[in-house]
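Please open the model in the viewer and display the side chains. The tour below moves from one group of aromatic rings to the next.

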Amino acid sequence: MSSLQVKNAAKAYGTVQVLNDINLNIASGEFVVFVGPSGCGKSTLLRMISGLEDISSGEMRLDDRIINDVDPAKRGIAMVFQSYALYPHLTVFENMAFSLTMARAPMAERKQKVERAAEILRLTHLLDRRPAQLSGGQKQRVAIGRAIVRQPKIFLFDEPLSNLDAELRVQMRAELIQLHSRLRATMIYVTHDQVEAMTLADKIVVLNGGKIQQVGRPLDLYDDPDNKFVAGFIGTPTMNFLTAQVTEVAQDHVVVTGLGGDPEAPALRIPFKGFDPSIRTVELGIRPEHAAIATGPATPGGLRAKVTLVEELGDLTSVHTVLTNGERLVAQSHGRRHQGAMETSVHIAADKALVFDTSGRRLRSAAL
């Protein structure tokens, strides 16, 4: 197990800046997930760590060793790619042992390491098969096994589950968690799927526009995002954002009105200490589980809304609505609720609302 430190790292292709001012500490044994939309720089950062991309400026340390200019093969890092990259003419054993074969390791050593990895990944009965005889999940496990036999300091995963169907992805997520628990190895995993990030990670690194937006434990990012981007990216269904006007600022609360562009919308009293009275327009972040839909027509004290879609998922029901000004809001509740009325109202849990300024910066209350 090894630690990794990234200090002021940047990557540019000519005049195009892909990553800028990346500072990150990954502790020994952590499972860290890089997450963000396509083009945010997460895969580029992973490739910089592996040595497949040069670092334009800054510093990377693996334990106490600067690795900026160290050859990828000498960094002690193993990478699992989105494509399985298995040799079709070799057996599972031969694919997993490939790096040891190239290093001219004795057959006894190859056999011992491959059999140990195969036992961990439940591949022992498949060692004589070729890739064409394997399922997608089995091929992915072989690719991971090939990395395990190298006994790397750090495992890197670049969207390894994207080629699998939904059922296999769930299964492989569970297997990766169990693998990390057994090996206690340092693992860095790249994905654009925030569900994978939430379920796999000890720590999530959210990137956007070539910069780190926030680093933290999954539920910390869900409950306490630093900005509107993180709040909207983490969580499914995504967080709702409603524009509102500040009409009163008190010592321990702030009152907002005009939600959803509705002049008849009720005022919301949001607990907040130390609010800046110069701010007059805010955006409220509302998780779907903190918005309740009336079971029938509009009721007093709620936002007027029109139901556009009801998703009944068995244990959960998501109701999609459009407010007076066209802003969309999704409410989610447990159980099965048929929404018969097209015109209804939405009731917001004011004490759960997050407050952002118009630039997307999170406004945090002092301790109440």
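Rings of Phe, Tyr and Trp (its six-membered ring) pair if their centres lie within 6.5 Å; planes under 30 degrees apart count as stacked, over 60 as edge-to-face and the rest as tilted. This is a predicted model, in which local features need pLDDT of at least 70 and side-chain atom pairs count only at pLDDT 80 or more, while totals for chains, interfaces and linings use all residues. Residues are numbered from 1 along each chain as its sequence is written, and side-chain values use heavy atoms, with hydrogens and water left out.

Select Phe31, Phe155, Phe157 and Tyr189, which form one aromatic cluster. The structure holds 7 aromatic pairs. In the pair of Phe31 and Tyr189, the centres are 6.1 Å apart and the planes at 45°, so the pair is tilted. Phe31 belongs to strand β3 (residues 31-35) and Tyr189 to strand β8 (residues 186-191), so the pair ties together parts that are 158 residues apart in sequence. Strands are DSSP runs (E, at least two residues), numbered from the N terminus. Phe31 and Tyr189 are buried, that is, under 20% relative accessible area (1.4 Å probe, protein chains only).

Next, select Phe241 and Phe356, an edge-to-face pair with 5.8 Å from centre to centre and 70° between the planes. Phe241 lies in strand β11 (residues 240-249) and Phe356 in strand β20 (residues 354-356), so this pair ties together parts 115 residues apart in sequence. Both Phe241 and Phe356 are buried.

A charge sits over a ring if NZ of Lys or CZ of Arg is within 6 Å of the ring centre and within 35 degrees of the ring normal. Finally, select Arg287 and Tyr222; the charged end of Arg287 sits over the ring of Tyr222, 3.9 Å from its centre.

Terms used. Helix = DSSP H or I, 4+ residues; strand = E, 2+ residues; numbered from the N terminus. Buried < 20%, exposed > 50% of the residue type's maximum accessible area, 1.4 Å probe, protein only.
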